[in-house]
Amino acid sequence: MFDSVTFLLEKLCLFSLFNLFKCTWSDDDKCRKHSHATSFQRGDLLEVPRTLFIHSGIYLGENKVAHLIPDILPNLTSDTNQINEVVTNKRLLLGVLSKTASIRVDTVEDFAFGSNILVNSMDHACKKQPLPNEDIAKRAEALIGVISYSLMWNNCEHFVTYCRYGSAASMQTDQFLEFLKSVVRDQRSVLFTAGLGLISIVCFGMAPSTALPTLLIPFILWMAG
């Protein structure tokens, strides 16, 4: 049951990312935007805005970035030449659905994908003291390879925060959970869902036993709100 709920939440998160996780770099951060590796130090935490989310990685030096990215291809082939090609959006989305990812090393240019790069912005947001830069880079290098993926529980932010601060966390996931809480607290959405359940029974002849989850879930949400 828990796995099913998590699966549904993850798919919902795919759509909510459009509005929840837009890049919100402040004016104070502009001075730390870069596009060339010459300004980075080994162990720096790099962030770039993508269409659906903010992507994060750890700079390893020599124009290389380690980052966790969903990718279906390791499930389909062992050809390292194909796997090492830049991950396309199609590969990424299929990786999300199959819960497969890899921590891989790409050039700064491939990682940035044409965007400006924000450096070490999470130091202020997380309010944590980062580990020594060399320790951060070694942690990232030790994790390189294929791993399981979860949009909510094991994404690129979990990877970089573990490497830089010693504990995995994701502010984007926290934002999404706050969004879910706001939905639960909004009793209008609960009433709407319950209404759909009643309409299914009255107008479409759905058996009460079949529609029970449709009514039970809103009731639980109502009580929780």
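1. A quick term before the tour: a residue is called buried when its relative accessible area is under 20%, and exposed when that value is over 50%. Keep in mind that this is a predicted model.

2. Start with helix α4, which covers residues 89-98. Its buried residues are Arg 91, Leu 92, Gly 95 and Val 96.

3. Next, have a look at Phe 111 in helix α5 (residues 108-112). Its relative accessibility is 0%, so Phe 111 counts as buried. Beyond its neighbours within four places in sequence, Phe 111 touches a set of residues including Leu 46, Val 48, His 55, Val 65 and His 67. Val 65 is 46 residues away along the chain, yet the two C-alpha atoms are separated by 7.0 Å.

4. Now the aromatic rings. How many aromatic pairs are there? The count is 1. The partners are Phe 40 and Tyr 59, with ring centres 5.4 Å apart and planes at 65 degrees, so this is an edge-to-face pair. Phe 40 is in the loop between β1 and β2 while Tyr 59 is in strand β3, so the pair ties together parts 19 residues apart in sequence. Phe 40 counts as buried at 8% relative accessibility, and Tyr 59 does too, at 5%.

5. One last stop: Arg 139 lies over the face of Tyr 162, 4.5 Å from the ring centre.

Key. Residues numbered from 1 in each chain as written. Predicted model: local features only at pLDDT ≥ 70, side-chain atom pairs only at ≥ 80, totals over all residues. Heavy atoms only, no water. Buried < 20%, exposed > 50% of the residue type's maximum accessible area, 1.4 Å probe, protein only. Helix = DSSP H or I, 4+ residues; strand = E, 2+ residues; numbered from the N terminus. Contact = heavy atoms within 4.5 Å. Phe/Tyr/Trp six-rings, centres within 6.5 Å; stacked < 30°, edge-to-face > 60°. Lys NZ or Arg CZ within 6 Å of the ring centre and 35° of its normal.
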